[in-house]
Amino acid sequence: RKLIASLLIVFGGFTVANAQEAPENPNAAKIKFDNTTIDYGTIQKGADGNRVFTFVNEGKEPLILNSVRASCGCTTPKWTREPVAPGEQGVINVRYDTKRVGNFTKTITVQSNASNGTVTLMIKGKILDAPKEQTTPMKKEDSKISNTKG
């Protein structure tokens, strides 16, 4: 019984030791964004919805963006597909559909081979409906329909 208990303790110790994460690669790519939130502010319906997130590879190995996904179909990201060398800059262009009126907050999830692998970016703002064209009201005389026979 003592032998079985000892083996279970030793086996348990190995399991815990193997479950710990491997040490971080000190040379790994590291993604650093200038800004992780872009505020569009208050803009008119149909205004330019394009914005740019800029990042730098602060690591010692090439940075590769594996996936860039928006939280909904109203936001379209396009990104640097080539590996970004250490010290070099890359971009993620984001286009929000400004035909949608009202407040918005959307996220873009960036997955890469960087030591800080997943980064969440955010866009937010408010879209105002375009002002209505002003029409002059009709005069009462213009709105009457003539019933006279001619």
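Predicted model: local features only at pLDDT ≥ 70, side-chain atom pairs only at ≥ 80, totals over all residues.

Mentor: Start with the contacts, meaning heavy atoms within 4.5 Å. Among contacts in the protein between residues at least 6 apart in sequence, 67% join residues at least 24 apart.

Trainee: How many helices and strands are in the protein?
Mentor: Two helices and eight strands. Both are DSSP runs numbered from the N terminus: helices are H or I with at least four residues, strands are E with at least two. Along the sequence the pattern reads α-β-β-β-β-β-β-β-β-α.

Trainee: What percentage of the residues count as buried?
Mentor: Of the 150 residues, 27%. Buried means under 20% relative accessible area, exposed means over 50%, and partly exposed is in between, with a 1.4 Å probe and protein chains only.

Trainee: Now the largest nonpolar core. Which residues touch the most other members?
Mentor: Ile 31, Phe 33, Phe 53, Ile 92, Val 110 and Ile 123, out of 25 residues in that core. Strands 1, 2, 3, 4, 6, 7 and 8 each supply at least two residues of it. Strand 8 (118-128) gives the largest share, four residues. A nonpolar core is a set of buried Ala, Val, Leu, Ile, Met, Phe, Trp, Tyr and Cys residues joined through side-chain atoms within 4.5 Å.

Trainee: What is Ile 123 in contact with?
Mentor: Leave aside its neighbours within four places in sequence. Then Ile 123 contacts residues including Ile 38, Tyr 40, Phe 53, Val 94, Tyr 96 and Phe 104.

Trainee: Some of those have rings. How many aromatic pairs are there?
Mentor: Four. Rings of Phe, Tyr and Trp (its six-membered ring) pair if their centres lie within 6.5 Å; planes under 30 degrees apart count as stacked, over 60 as edge-to-face and the rest as tilted. Take Phe 33 and Phe 55: their centres are 5.5 Å apart and their planes at 55°, so the pair is tilted. Phe 33 is in strand 1 and Phe 55 in strand 3, 22 residues apart, so this pair links distant parts of the chain.

Trainee: Are those two buried or exposed?
Mentor: Phe 33 is buried at 7% relative accessibility, and Phe 55 is buried at 0%. Next, Tyr 96 and Phe 104 have ring centres 3.9 Å apart and planes at 10°, so they are stacked. Tyr 96 is buried at 4%. Ring pairs also link Tyr 40, Tyr 96 and Phe 104 into a cluster.

Trainee: Which residue lies over the face of Tyr 40?
Mentor: Arg 51, at 4.0 Å from the ring centre. Arg 81 lies over the face of Trp 79, at 3.7 Å. The rule: NZ of Lys or CZ of Arg within 6 Å of the ring centre and within 35 degrees of the ring normal.

Trainee: Switching topic. Which residues does the disulfide join?
Mentor: Cys 72 and Cys 74, with S to S at 2.2 Å. A disulfide is a pair of cysteine sulfur atoms within 2.5 Å, and the count here is one. The link is left-handed, with -50° about the S-S bond.

Trainee: And how accessible is each cysteine?
Mentor: Cys 72 is partly exposed at 23%, while Cys 74 is buried at 4%.

How values were computed. Residues numbered from 1 in each chain as written. Heavy atoms only, no water.
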